[in-house]
Structures are given as structure tokens and as C-alpha cells.
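Here's a quick briefing to read with the model open beside you. Could you keep the sequence handy too?

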Amino acid sequence: MSKETLFVAISNQKGGVGKSALSVVLASYFHFEKGLNVAIVDCDSPQHSLVRMRERDKKAVSNSAYYRQLIKQQWNQVQKKAYPIVGFTAEKAREAADAIAASGDYDLIFVDLPGTVESTGVFRTIVNMDYVLTPTVPDLIVMQSTLSFATTVLDHIKKMENTPLLKDIFFFWNKLKKRTNVEILRSYSEVMRELHLTVLDSTLPDLCRYEKEITHAKRAFFRCTLMPPPARQLEGSGLVELAEELIVKLKLGQS
């Protein structure tokens, strides 16, 4: 390898915060729009939802002349194949990521972890990542779980005899509603600062477009493992701002 590959887990102890959707849209944006070489290790065992999404995307493209044309246009513009998505258990995630990194010139490998740190191997994987990206929402139950996740991981790292690889956990607000509970958002932001947790400036609104996959019957989509989100759909999504902040924080694209 001619560059150092970054390993970033996407994790939160609470489900329903948008981890898998964000794994795909970030990976596709970085890979196709920003020219980074990306891969995903899907640890959502046994269902491996992202591996299945790739299969659905391939089927939808094969059944649609419209999407086949989009793929052709994309190839003519960037000449990049789709990034790999492999399914493994959390226990074997780091080994799988290492194998992918050794097979090519990768900038970034996302590891999409199960929705609880109590799952076998999740702790081991987290402390062997470079960074953890943790989406959260301004909900009392979710925030209690998120803070529990953060303090548990950090306490675990402090007790480790060998120095872990994990450099930082990046938290950011996801699925913010127009009339969200501002007081909860403000109070928990303050709590996270007091705990010296890193909270990104970027936030993502609660938009149904994050759930839109490609199908042979419809032409509107946002998340796809074979193409980036359409430019017209990026406006107001918060994705570009989040991606650009992560590029700076992770020093992506720098040799």
C-alpha cells in the first residue's frame, strides 16, 4: 500500500439512529464524488443489510435501462468501479478490514457495527479502529444510551494495558426535525462538552430521502451502493457539510 488506510467504525449502542444509511451515503459520496477509495465491512450479522442492499441495487440496475445509462455516464466521468462491501461478524471485522486494505490502495474503510456494544466482538473492534463515528438524535432514551455507549467505551480503553488504536469518537446530530426539542439538544450538547466528547458541527435533518433506494419502478433515489446521491438531492441534506468536515477531521486524501 502506498497510503495509510483509515479504519472508521459507525456505531451506537441504540438502534434506529441511521448507522447503515449513513454508511452507504457517506461511502458513495466519498468514493464517487471525492475520489477516495472506500470499502465497507458489514457486521450486521446474520442479515448483513448492506450486502443485501448491494444485491438489490445490482438487480434494480439490471432491470432498468435508465439506471444502466446512469451507471455508464458515471463510468465515463469518474472511471471507478463500485466499492467492495463484505459481510463479517464483529469479531472478525478488523481482520476483514486489514485484508481489504492489503488488497488495494484504500483511503478509508467503514465498519458498520451492530446496534449494541454488548454484541460479541464489538468492543474489540471499536478499540482497534482509528475512529468511531456515532450518529445520535435528540431523544431522551437515545441520548441516555448514547452517553452510556461513550462512557463505557472510554472507560474500557482506560483500563486496557496495551494502548488501543482508537484516536477519537466523533458524535453528530442526525434526524433533526424542524421542530425538534431544542432544550434536549442544548442540554445534551452541554453534557457532551463537559464529558470532553467530540461533537461535530455538522448536523443532518430528518429527511425521507435518506431512506430512498433505487428500484426499477422509480427514478428518485438518494442512497445507493453503486452511485452517489444525485446532486439535486444533496441540497439541504447536510451530507456534503458532514463529509467535508470529516475530510478535515480525518485528514482524508492526505499522504
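This is a predicted model: local features need pLDDT of at least 70, side-chain atom pairs count only at pLDDT 80 or more; totals for chains, interfaces and linings use all residues.

Residues are numbered from 1 along each chain as its sequence is written, and side-chain values use heavy atoms, with hydrogens and water left out.

**Pocket and cavity**

- Rolling a probe the size of a water molecule over the atoms shows where empty space is left.
- On a 1 Å grid over the protein atoms alone, a cavity is a set of points where a 1.4 Å probe fits but cannot get out, while a pocket is an open set with protein on both sides within 12 Å along at least five of seven lines; lining residues have an atom within 4 Å of a point.
- Grid points are joined across faces, edges and corners, and a volume is the space filled by probe spheres set on the points.
- The largest pocket holds about 340 Å³ of space. It has 15 lining residues, and Glu33, Gln74, Gln77, Pro228 and Pro230 are the closest to its centre.
- Helix 1 (19-33), helix 3 (65-78) and helix 8 (231-234) are the elements that give two or more residues to that pocket's lining; helices here are DSSP runs (H or I, at least four residues) and strands are too (E, at least two), numbered from the N terminus.
- Helix 3 brings the largest share of the pocket lining, with 6 residues.
- By class, the pocket lining has 10 nonpolar, 3 polar and 2 charged residues. Ala, Val, Leu, Ile, Met, Phe, Trp, Tyr, Cys and Pro count as nonpolar, Asp, Glu, Lys and Arg as charged, and the others, Gly among them, as polar.
- There is 1 cavity of 30 Å³ or more by this rule, and the largest cavity has about 40 Å³ of space.
- Val8, Phe110, Tyr131, Leu133, Phe170, Leu246 and Leu250 line the largest cavity, with strand 5 (131-136) and helix 9 each supplying at least two of the lining residues.
- That cavity lining comes out as 7 nonpolar, no polar and no charged residues.

**Salt bridges**

- Side chains of opposite charge can pair when their charged atoms come close.
- The whole structure has 9 salt bridges (a side-chain nitrogen of Lys or Arg within 4 Å of a carboxyl oxygen of Asp or Glu).
- Lys34 and Glu244 pair up at 2.9 Å, N to O. This one links distant parts of the chain, 210 residues apart: Lys34 sits in the loop between helix 1 and strand 2 (38-42), and Glu244 in helix 9 (residues 239-250).
- Lys34 is partly exposed at 35% relative accessible area, and Glu244 is partly exposed at 30%; buried means under 20%, exposed over 50% and partly exposed in between (1.4 Å probe, protein chains only).
- Glu190 bridges to Arg193, with the closest N and O atoms 2.8 Å apart. Both lie in helix 7 (residues 182-194), 3 residues apart, or about one turn of the helix.
- Glu211 and Arg223 form another salt bridge, at 3.4 Å between the closest N and O atoms. Both are in the loop between strand 7 (198-205) and helix 8, so the pair ties together parts that are 12 residues apart in sequence.
- Glu211 is partly exposed at 47%, whereas Arg223 is buried at 12%.

**Thr225**

- Thr225 is in the loop between strand 7 and helix 8, and is buried, with a relative accessible area of 0%.
- Its side chain makes polar contacts with the side chains of Arg54 (2.8 Å) and Asp57 (2.7 Å). A polar contact is a pair of N or O atoms within 3.5 Å; within protein, one must be able to donate a hydrogen and the other to accept it, and residues adjacent in sequence count only if both atoms are side-chain atoms.

- Most residues other than glycine have a negative phi, and most peptide bonds are trans.
- Ser45 and Pro46 are joined by a cis peptide bond, with omega about 5°; Pro46 is in the loop between strand 2 and helix 2 (49-62).
- Gln79 has a positive phi near 50° and is exposed at 56%.
- His196, also not a glycine, has a positive phi of about 60° and is exposed at 73%.
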